[in-house]
Amino acid sequence: MEKSNQYIDSLVRLRKELHKHPEVSGKEIETAKRVISFLENYPPDELITGVGTTGVVAIYKGKKAGKIVLFRCELDALPIEETNDFEHHSLNNGVSHKCGHDGHMAVLCGLAAELHQNKPESGAVILLFQPAEEDGSGAQKVLSDPKFASLHPDYVFALHNLPGFPLNQIVVKNNIFTCAVHSMIIKLKGKTAHAGEPERGINPSLAIAAIINQFNANIQADSTKENYCLITPIYTKIGKKAYGVAAGAGEIHFTVRSDSNLQMRKIELVLENLAKSIAKEYQLKCKTRWTQSFQANENDKTAVAFIKKAAKINGFELFEKEEPFSWGEDFGLFTQHYPGAMFGLGSGVNTPALHNPDYDFPDEIIATGVAIFYQISKQITNAH
């Protein structure tokens, strides 16, 4: 893999260019164009664009039939104002790459360069640049796209950079790697009244207080125990700023986390029923809906074994995590459909956390990401 060093400078330049021009979920048109223009230097055997709206698929094929492996990264940035003032800071107000997707794209582009030089012996390697990971809609859009349906990977892999872990450390886990995350919106409708005669109306404020308390009672925040469940109030709104009027409508939003997809479905039912019964008790109409759904990443043991072996061959430090990460990642939908795994790549112990306004992807881990992906691809496509 020493050869990959000749690509590193161009990958760092690409990463900084992507960082300068971030785009939010579903709007990654220019980002996709930048990726395609880089891939033109290392032409794949097949290039498919506009997958799941803005997604890009590059396929490098072996000379004979064999196993097919897919590696995925994300195109989108976050609606966060960047506070960094370095030369490659975001030029788009209120939008920045605060999750490191710019770095993940650079890693996959480095893998493209490597595969162009060293084609798989058999089968094929699919590189997927996926749109809209941050809002949880991208994986589903890709999987529903007929352009993607004709591809049948035997294994799927993705990595995520991890602030708080040593630089270049490979973080693995069997079974659940990241939690299922689902956001809930509860809308309550009552009746407004004069603030001096509140008894003539139906005010949702006590129901909202009861919902918060009852939901709180369902939290089991210790991830080492069974039935891990985190319920976080995110947003609430009651009435209007009209001080003579008692509120007649309100809404409250929560984010719910669980360490299993099955458990998540049970929690959803419990919370829906709770909201409805509390609303009924307070004579309110109640509507609930779920949004921004992330399936838990269920890692396949064989796929994890490929990652461990690749780390060992490259001499990378390996860390086996005991508990899943509490954040959501929509790659979980891919691991529901295909055997595969997501793993972590340490981005430094003292670096700002993901989604923080001063976060920046460390360029020194790009080569590590390329090396481990390439080694995994070799194990799968060169197997006889």
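The following legends describe close-up views of a predicted model. Local features need pLDDT of at least 70 and side-chain atom pairs count only at pLDDT 80 or more, whereas totals for chains, interfaces and linings use all residues. Residues are numbered from 1 along each chain as its sequence is written, and side-chain values use heavy atoms, with hydrogens and water left out.

**View 1. The open sheet consists of eight strands with mixed pairing.** The strand order is β1-β2-β4-β3-β5-β16-β6-β15. Because β1 (46-51) and β15 (318-320) stand at the edges with a single partner strand each, one side of each lacks a neighbour in the sheet. From one strand to the next, the twist averages 25 degrees. Strands (E, at least two residues) and helices (H or I, at least four residues) are DSSP runs numbered from the N terminus; two strands pair if DSSP finds at least two bridges between them.

**View 2. Strands β3 and β4 pair in the parallel sense.** Eight bridges connect β3 (residues 64-74) with β4 (residues 122-130). Cys73 has Phe129 of β4 as its bridge partner. Helix α10 (residues 366-381) packs on the sheet and touches β3, β4, β5 (155-162), β6 (170-172) and β16 (340-346); contact means heavy atoms within 4.5 Å. The direction of α10 makes about 155 degrees with that of β3. Axes are lines fitted to C-alpha atoms, for helices over the stretch in contact, and angles run from 0 to 180 degrees between N-to-C directions.

**View 3. Strand β16 is largely enclosed by the rest of the structure, since seven of its seven residues are buried.** Buried denotes under 20% relative accessible area (1.4 Å probe, protein chains only). One side carries Gly340, Met342, Gly344 and Gly346, the other Ala341, Phe343 and Leu345, and all are buried. Strands β5 and β16 run parallel and are joined by seven bridges, with Ala158 opposite Met342. Strands β6 and β16 run antiparallel and are joined by two bridges; here Val171 stands opposite Gly344.

**View 4. The largest nonpolar core contains 57 residues.** Such a core is a set of buried Ala, Val, Leu, Ile, Met, Phe, Trp, Tyr and Cys residues joined through side-chain atoms within 4.5 Å. Phe71, Leu127, Phe129, Phe157 and Ile376 touch the most other members. Helix α3 (residues 101-117) gives the most to this core, with nine residues. Not counting residues up to four places away in sequence, Ile376 touches Phe71, Phe157, Phe306, Ile307, Ala310 and Phe343.

Methods: Buried < 20%, exposed > 50% of the residue type's maximum accessible area, 1.4 Å probe, protein only.
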